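The following paragraphs lead through a structure from the arrangement of its chains to individual bonds and angles. Please keep the sequence and the model in view while reading.

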Amino acid sequence: MIFHLDTSTTLPLGVVLLKKRVDATNSIELQKAFAQWLQQTNNFVFDCTELDFIDSSGLGAIVSCLRKALEHHGDVKLAALGPKVAMVFELTKAKKLFSIFSECSEAIQSFVTVSTT
Amino acid sequence: MNISEKTINNYTIVSLQGILNASSAPKLKTYIAGMPDEQSLVIDLENVEFLDSSGLGALVGIARKKKTSSAIMKLARMNERVKKVFEITQAYTLFDIYDDVSAAAEA
Amino acid sequence: MNPIITLTLQANLRYARIASILACNIAEIFADCTCNSADIAEFCHAYELSVSEAFTNSVRYAKPSQPEKQVTIRFSSDDSALAVSIIDTNPQFNPVTKAPDISSYPEGGYGLFLIHRLMDTVSYTREDDTNILTMTKQATMTHGT
Amino acid sequence: MKTLLVIKKQEYEWLIDLFPGVHPLLVPICNKPFIEFLVDFAILAGSNALRIVSDGVLEDVEHYCENGSRWGVEISYGSMRPADDTHTVIEKNRRFCLEERVIIISGFLFIRYNKKSEYASLFASLPSGELLSCPNGSISLTGTSTTKTGTPGTLPFSLAALDSIGKYYELSMEILSTGLTHYVIPGYSSEENCYIGRNVVIPKSAEIIKPVIIGNNVQIMTNSIIDKNSVIGSNVIIDRESVISGSIVIDNTYIGEHLEVKNKIAAGNLLIDPQSGTSIVMEDPHLLTTMTQSRVAGALLRRIVHAVGATFLIVLQLLPWLLLRPILGMQGKWKRKREQHYTGLPGKNVTLTNTTIEGTGAASAFAKALSLDRFTLLFNVLIGKLALIGNLPLPVTPAIRRLPNSHEGYRPAVFSYAEAEEWPEIGIDAEIVEHYYAVHSDPLKDIAMTQKALFHRTH
């Protein structure tokens, strides 16, 4: 996973590029890293373009990221979910917890729209 | 095992009767070896009471020889017990199997 | 397992039929009370074929140095299963077998594969200088409704 | 009239990955094996004999259909080569096709029909030749008609090709929504559009919305919803608060709790979206619950509870064991066998001594009733090698070199959940109940289940 702070908009946004798999082997790593990132911003976009696989621990980690962001009055939005990843979110109803966008740029833009209105 | 033969069209119909196992398989091989390699065959299995893998091996061996000499070999009238051996070993994939001798000798 | 009969035959392919007919008959008597008629035929054929294969293998792999070679066939049973052991003094062999590659027109190598497919369990033990191949099958058929 | 079915392996091969271990011709459509629809149709059309011809292995089909006596039709089987055309297949089955008219169904096709229509006289009167065809096959007729007729109008049956998972799904949905009365659907139907099999448990809080088909041995847990257009196979558990709608749940599937399966096919641990063809492997069936559960703490508590339970049983059984063990030993009724078993950790096995008590004498019966055969195993619970209740230990055999993937949450134990629930102790039925408790049990429930297991073993 790669984290960068997107400053293209008025709002500092954490954009996280998730790679290949989020599962039991790296979900704790994600949660730890997320705690670090939270010190820089409360709003995140998880870019799933390169994410092929997610299991329950991976899903759990992402949901816990969302929970922490919400506690800090921020949000985690998801972008560019592949069909397999989307199916897991749909199956577990986790889909309902997240705002999901087909493009990363749309997700970034959505934060701006909300903050200006 | 008894072996008898007749001719229909260009096919020699070889009818087997009895047990086709390790002790009788050589007899069948010798019998077939006595024919010209390019002779097309229909082997009628209706009266084969028992076939084991040695018997199957003999039939497969004949099929291979016929294949290399571009002759045709077909099997006809397999009973359930014989069919079982062909099924387990998937040997049925190597043969054209007919339920009627004259149909086999026509095509 | 209670013993039923033990038969020792000269290791000659001519006697393969005796072994397999005996197996078929014992299987028929054994299955008579537990199976329906279609299942009996299948059960008996499995023994007829398996014993034929095992006996033929025993004769084929006998050491030429032994002039008086023999193969022993031992039947035993419990409530629901019939076991047959083929016992010989041949060199040790590997009882694990994979399916023959049928597309290459093999003339042999089907024997043990057939036995594994026809029987429920096949076990091989080497005791002193003897091979014991034991094959068992349950007489109560489960398929069909 | 006779019917000849010609189905090539190449046409049905795509189904093998989806239903591993099930012959494609036996794949269930609305809980009825595919081939049975064709058998029903052949019989409706007046056939007294049916021959199934394929270049693929038909062994499982033969085992299932046998000689057809179940349906009152004679079923036989034939083989063909992959390159054979229909004409060659007819020649290869000349004896079968000789005397009577033959309906030839060629290709992996589903025939839409209506069991209330009259087909026998129709087929007897139709002229020979091709009746219907589609890119995947055709249905034709040989011989001459026995009665004089004019040219038939539209035929009261049609063909549906089965060549993709999407078609399979569409067809199932079509039968559910419009065709349930056209076919014989397995299950008990007290009201229209609702077929329910044997041993189906539906709690009050669960909701079932028609049309629906449910198989045998199905447990639907509290607050679950089986929404319309769903097919639930046999040996299925739908866990609590899950929603199934417009979906097919294939036999032997466990759907975890709080899940939403909508317009999908769930087969074992595979979830398929029939529209896109995307499939995922559900490695973990209880996706959302893992977030809140602390597994480590739970495991420690469980180990303590199990050890206390085992100690209690050891104290209880010690005296009877000391008395009966030597008696049964002398009678030769106490049989022991040491075997390696899987622990659930890769590469780690445990050697256990399995005891069986034979005979019917008073001492044997008493020892069996007290489950003394499990006495020595209880000590393995104290040292943490076994759980008190869980799965029956799976012996290490050369055939299965490592623990199969299906044994999710496997926990070898002295007693099994299957024993407690009086389910069959081996096979897929046991697996599914053990699977359920592997996900669901908590230490307190475990004690109750152990009591149940002891009680049931007594009877």
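This is a predicted model: local features need pLDDT of at least 70, side-chain atom pairs count only at pLDDT 80 or more; totals for chains, interfaces and linings use all residues.

Chain A and chain B share no contact, and their closest C-alpha atoms lie 38 Å apart. Chain A does not touch chain C either; here the nearest C-alpha atoms are 36 Å apart. Contacts do occur elsewhere: four pairs of chains touch, and among these pairs the most contacts are between chains B and C.

On one side 22 residues of chain B take part, and they are in contact with 20 residues of chain C. Two elements of chain B, α2 and α3 (80–89), each give two or more residues to the side that touches chain C. Of these, α2(B) supplies the largest share, which amounts to eight residues. Sorted by class, the side of chain B that touches chain C holds nine nonpolar, nine polar and four charged residues.

Helix α2 of chain B also has a partner within its own chain. For helix α1 (residues 25–33) of chain B and helix α2 (residues 53–68) of chain B, the angle is about 15 degrees and the axes are 9 Å apart. Because of this angle, α1(B) is roughly parallel to α2(B). The crossing in which α1(B) passes α2(B) is right-handed. From α1(B), the residues B:A25, B:L28, B:K29 and B:I32 take part, and they meet B:S54, B:G55, B:G57, B:A58, B:G61 and B:I62 of α2(B). In the contact of α1(B) with α2(B), five residues are nonpolar, four are polar and one is charged.

Helix α2 (residues 37–60) of chain C packs with helix α3 (residues 111–118) of chain C at an angle of about 150 degrees, and their axes are 9 Å apart. That angle is why α2(C) is described as roughly antiparallel to α3(C). The crossing of α2(C) past α3(C) is left-handed. On the side of α2(C), the contact involves C:A46, C:L49, C:S50, C:E53, C:A54, C:T56 and C:N57, while α3(C) contributes C:G111, C:L114, C:I115 and C:L118. The residues of this contact between α2(C) and α3(C) comprise six nonpolar, four polar and one charged.

Attention now turns to chain A. Its secondary structure consists of four helices and five strands, which follow one another along the sequence in the pattern β-β-α-β-α-β-α-β-α. The radius of gyration of chain A is 13 Å, close to the 13 Å given by the globule rule for 117 residues, so chain A is as compact as a globular protein of that length.

Within chain D, six strands form an open sheet of mixed pairing, in the order β5-β4-β1-β6-β9-β8. The edges of this sheet are β5 (74–79) and β8 (129–134) of chain D, each of which pairs on one side only. From one strand to the next, the twist averages 15 degrees. One of the pairings joins strand β6 (residues 102–106) of chain D to strand β9 (residues 137–141) of chain D, in the antiparallel sense and over four bridges. In this part of the sheet, D:I104 has D:S140 in β9(D) as its bridge partner.

Two loops of chain D hold local backbone features. In the loop between β2 (28–29) and β3 (32–33) of chain D lies D:C30. Phi of D:C30 is near 50 degrees, which is a positive value in a residue other than glycine. The peptide bond that joins D:K210 and D:P211 is cis, with omega about -5 degrees.

How values were computed
Residues are numbered from 1 along each chain as its sequence is written. Chains are lettered from A and ligands numbered from 1 in the order in which they are written. Axes are lines fitted to C-alpha atoms, for helices over the stretch in contact, and angles run from 0 to 180 degrees between N-to-C directions. Angles under 35 degrees count as roughly parallel, over 145 as roughly antiparallel, 65 to 115 as roughly perpendicular and the rest as oblique. A crossing is left-handed if the near helix is turned anticlockwise from the far one by less than a right angle, and right-handed if clockwise. Two residues are in contact if their C-beta atoms, placed from the backbone, lie within 7 Å. Ala, Val, Leu, Ile, Met, Phe, Trp, Tyr, Cys and Pro count as nonpolar, Asp, Glu, Lys and Arg as charged, and the others, Gly among them, as polar. Two strands pair if DSSP finds at least two bridges between them. The radius of gyration is taken over C-alpha atoms; the globule rule is 2.2 Å times the number of residues to the power 0.38.
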